[in-house]
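Hi,

Here is the model I said I would pass on.

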Amino acid sequence: MREHKTILKALAGEPQDVPPIWMMRQAGRYLPEYRATRAQAGDFLSLCYNPELAAEVTLQPIRRYGFDAAILFADILLIPQALGADLWFVTGEGPRLSTTTAQSDFDKLSPVADIHETLNPIYETVKILSGELPKETTLIGFAGAPWTVATYMIAGRGTPDQAPAHALMQENTALFEALLDRITAATVEYLSAQIKAGAEVVKIFDSWAGSLKGEAFRKYALEPCRKITTALKERHPEIPVIGFPREAGEFYLGFAKETGIDCLALDNSVSPDWAASNLQVDGCVQGNLASRHMVTGGQQLVDETRKIVKAFSQGPHIFNLGHGITPDADPDNVQRMIDTVREG
Ligand code: CP3
C-alpha cells in the first residue's frame, strides 16, 4: 500500500500540505512503556536482539503518537559486534567496544559474509514490524555510516572529538581505510537484508561527520555514503535512502546530488531558511527542530516548530528533530510538537 504513505511521497519529491513526521530515537527512555519493556528484556543489547520485544518498543511511539514512520529498534554498534568486536554498554556512560587499532586487531575481524549469523534477529524484528504496522506507516531501517562506526571501533567508546580515529587516519592510513572498506561492505549487506525483510526506506547515520573537514570529508563521509547508496540502488532501485551527515555545515551543499541519496537529514545548527534555498532545491530534506524543545516545551517549541514547517513548505519535507530525543524529554512536549505540525 505504498501509495498511502506520506513519507514515501515526500521522498519521491512531492511537497505535502502537512509534512509527514517521525522523530529520531522515538523509541527510548523518555517513554515509561519503553523503560518497562527494556527492564523485561534485561538490558539494552538483549532488547535489540529480542525480535518480539524490539518490535514492541518500535511500535510503542506509533501507538502513542501515530508517527508517519517507525524506525527499526536496533543500534549502529551491532555492525562492529557482527564483525567480531566485543560490545557492551555501561549504565550511565554509554557503549564500550574492544578496540581495532592494529593490523592484528583488524585480522581478527570476521568476513562480511558472516555478519548475518549475529544480525538475523534484527531481520526477524523487521519482518514482524512489516506485518504489524498500520498501512499508512512507513518502516525505516538504518545503519551507522562507516566513519561514525569506525570512530567507536577505534576508540572503543564514544569520544567528543573522535581524536583516536583521526590519529589512526594519519598514522596508519592503509589500516584506517581497510577498516572503513570492511564496514562499508558489511553495511551494504546489512541494509540489503533489512530491505529484503521489509524495510521500505533506509537511513545512514553519520553522527560524527562534522569532525571531518575538506578532503577528509569527501573521502571518508561523502564517498562511503555514495558507495552504499549506489550498491543498494543497484539491488533495490525503488528503495529511498536518507543520509544524515550530522554537523556537516557547508559540506551539506551538494551532498544529496553527489551521493545519490533521496533525502538529506539536517541537524539543528542549519538555518531552515538557508536550507530551503540551498539544500531543498536538490530534493527532500528532513529535520530539524532542536531536541531541547522536547525538554523545555512552551511557546518556544510551538514557534520554532511553525518556523521550520513554514520555511520548508514549498518543497518536499519530513519533519523531525535535529538529533535524537533525550531521556529527560517530556512525552507531552512530543504531542505538542506533533499537534503544531499537523494543525499548522
Ligand atoms: O531512532 C530510533 O529510535 C531507533 C533506534 C536507534 C538507537 N540508536 C537506539 C538506542 C538508533 C537509530 C540509534 C543510532 C545510534 N546509536 C547512533 C547514531 C545516531 C545518534 O544518536 O547520533 C549512535 C552514535 C549510536 C551509539 C549509541 N547507542 C550510543 C552512543 C548510546 C548511548 C548513549 C545513550 O543515549 O545512552 C546508545 C544506546 C542507545 N541506542 C539507546 C537507544 C534507545 C539508549 C539505551 C538504553 O535504553 O539504555
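The lining of the largest pocket divides into 22 nonpolar, 12 polar and 7 charged residues (Ala, Val, Leu, Ile, Met, Phe, Trp, Tyr, Cys and Pro count as nonpolar, Asp, Glu, Lys and Arg as charged, and the others, Gly among them, as polar). The volume of this pocket is about 1300 Å³. Of its 41 lining residues, Arg-25, Arg-29, Phe-44, Asp-75 and Phe-89 are the closest to the centre. Helix 2 (32-41), helix 3 (44-48), strand 2 (87-90), strand 3 (94-97) and helix 8 (146-155) are the elements that give two or more residues to the lining.

For the pocket terms: on a 1 Å grid over the protein atoms alone, a pocket is an open set of points where a 1.4 Å probe fits, with protein on both sides within 12 Å along at least five of seven lines, and lining residues have an atom within 4 Å of a point. Points are joined across faces, edges and corners, and the volume is the space filled by probe spheres set on them. Helices (H or I, at least four residues) and strands (E, at least two) are DSSP runs, numbered from the N terminus.

Keep in mind that this is a predicted model, where local features need pLDDT of at least 70 and side-chain atom pairs count only at pLDDT 80 or more, while totals for chains, interfaces and linings use all residues. Residues are numbered from 1 along each chain as its sequence is written, and side-chain values use heavy atoms, with hydrogens and water left out.

Back to Arg-25: this residue is found in the loop between helix 1 (6-11) and helix 2, and its phi is near 60 degrees, a positive value in a residue other than glycine. Arg-25 is exposed, at 53% relative accessible area (buried is under 20%, exposed over 50%, partly exposed in between, with a 1.4 Å probe and protein chains only). Glu-247 also has a positive phi near 60 degrees; look for Glu-247 in the loop between strand 6 (241-245) and helix 12.

Strands 2 and 3 pair in the antiparallel sense over 4 bridges (pairing needs at least two DSSP bridges). They form a hairpin with 3 residues between them, and Gly-92 in the turn has a positive phi of about 80 degrees. Trp-88 stands opposite Arg-96 in strand 3. Arg-96 also meets Glu-93 in a salt bridge (2.4 Å, N to O); Arg-96 is buried at 12%, whereas Glu-93 is exposed at 54%.

The count of salt bridges comes to 14, each being a side-chain nitrogen of Lys or Arg within 4 Å of a carboxyl oxygen of Asp or Glu. One of them joins Arg-218 and Glu-258 (2.9 Å, N to O). Arg-218 is in helix 11 (residues 214-235) and Glu-258 in helix 12 (residues 255-259), so this pair ties together parts 40 residues apart in sequence.

One for the backbone: a cis peptide bond joins Gly-287 and Asn-288, with omega about -10 degrees. Asn-288 lies in strand 8 (residues 284-289).

Overall, the chain has 16 helices and 9 strands. Its radius of gyration is 19 Å, close to the 20 Å that the globule rule gives for 344 residues, so the chain is as compact as a globular protein of that length (taken over C-alpha atoms; the rule is 2.2 Å times the number of residues to the power 0.38). Buried residues make up 58% of the 344.

Cheers
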